[in-house]
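Here are a few friendly notes to read alongside the model.

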Amino acid sequence: MTFPIRPPCAGTGSFAAALSLQHLSRAFRPLPQDHLLLCRSGALELAGDSGSWSIPPGHMVLIPQGRAFHLRLLAPGDLLHVCFAKGEVEWPYDGCWVRRSEGLMGGLLAYGLKWGPGRSEDPRAAAFFTTLGEMVPGWFRTPRVMWSPRARHPGLRRLLARVEAAGTDLTLAEASALAGMSERSLRRRMQSELGQSWRDFQREARIRRAMHLLRRGGRPITDIALELGFASSSSFSTSFAAYVGESPRAFARGAGAAPSLDSTLIIE
């Protein structure tokens with residue numbers, strides 16, 4: 001499957017498109033526009049300079065202009081893609097951001113499908129995407145989630161790699177020894193580089209690991225809960241739903257949904 005580069009749209013350059021993808025793994029150069037991707041089913045991984053983001057069903061990511069990134073489809077699924085013309089989004093945050101789609105957000109994005117790629121000039125489209133672009137920064141005024149950070153310090157990079165590969169069953173003392181620094185230094189280093197405490201990082205890493213295991217399928221939820229250190233499947237389900245926005249069972253169903261057709265990713 002190929003993903004051709006297409007010329008920018010005329011006028012405002014804004015458009016929305018619905019995509020159904022079976023495979024995607026592609027690096028993109030820094031883009032002149034802001035792009036918003038809503039994952040309707042399946043799962044995406046986005047990687048950039050500061051780390052990587054998991055985008056499960058019902059979540060969206062804003063990719064600001066001027067950022068190189070890599071997109072990879074973790075599970076076949078359906079996406080909604082909105083491309084904003086330059087200047088329509090005043091992005092106040094550092095890098096990409098992920099959040100759950102709630103309330104009218106998904107409906108507003110879907111309404112933009114009236115104006116797809118290559119559309120003719122329409123003043124209603126310009127008004128719609130300008131207004132939507134003004135709303136988007138407020139939508140992402142939330143804590144950064146679904147993020148696997150990339151550290152600068154070699155000891156911290158070693159620790160994060162171990163946690164992502166083998167799980168979070170480390171005490172603070174063990175984590176400090178692996179990073180080659182004192183507990184106090186580890187706390188300060190994680191806060192300064194990642195903006196997270198060790199405990200917050202552990203909690204998020206456990207849920208990311210759970211998402212990975214649920215996408216693979218074939219295992220009872222209770223087994224996954226116990227492997228990740230939860231006392232019961234109910235406590236795991238409660239923590240998972242609070243972070244992801246749906247139960248582990250619903251997430252597994254959505255992440256494994258097969259697309260009905262193939263399409264082309266239109267990112268200039």
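1. Let me start with a helix contact: E204, I207, A210, M211 and L214 in helix 6 meet F236, S239, F240, Y243 and V244 in helix 8. Contact here means heavy atoms within 4.5 Å, and helices (H or I, at least four residues) and strands (E, at least two) are DSSP runs numbered from the N terminus. The residues of this contact divide into 8 nonpolar, 1 polar and 1 charged.

2. A word on the source: this is a predicted model, where local features need pLDDT of at least 70, side-chain atom pairs count only at pLDDT 80 or more, and totals for chains, interfaces and linings use all residues. Residues are numbered from 1 along each chain as its sequence is written, and side-chain values use heavy atoms, with hydrogens and water left out.

3. The open sheet has 5 strands in the order 2-7-4-5-10, with antiparallel pairing; two strands pair if DSSP finds at least two bridges between them. Strand 2 (25-28) and strand 10 (147-149) each have a single partner strand, so one side of each lacks a neighbour in the sheet.

4. Within that sheet, strand 4 (residues 43-48) pairs with strand 5 (residues 51-55) in the antiparallel sense over 5 bridges. The bridge partner of E45 is S54 in strand 5.

Definitions and conventions. Ala, Val, Leu, Ile, Met, Phe, Trp, Tyr, Cys and Pro count as nonpolar, Asp, Glu, Lys and Arg as charged, and the others, Gly among them, as polar.
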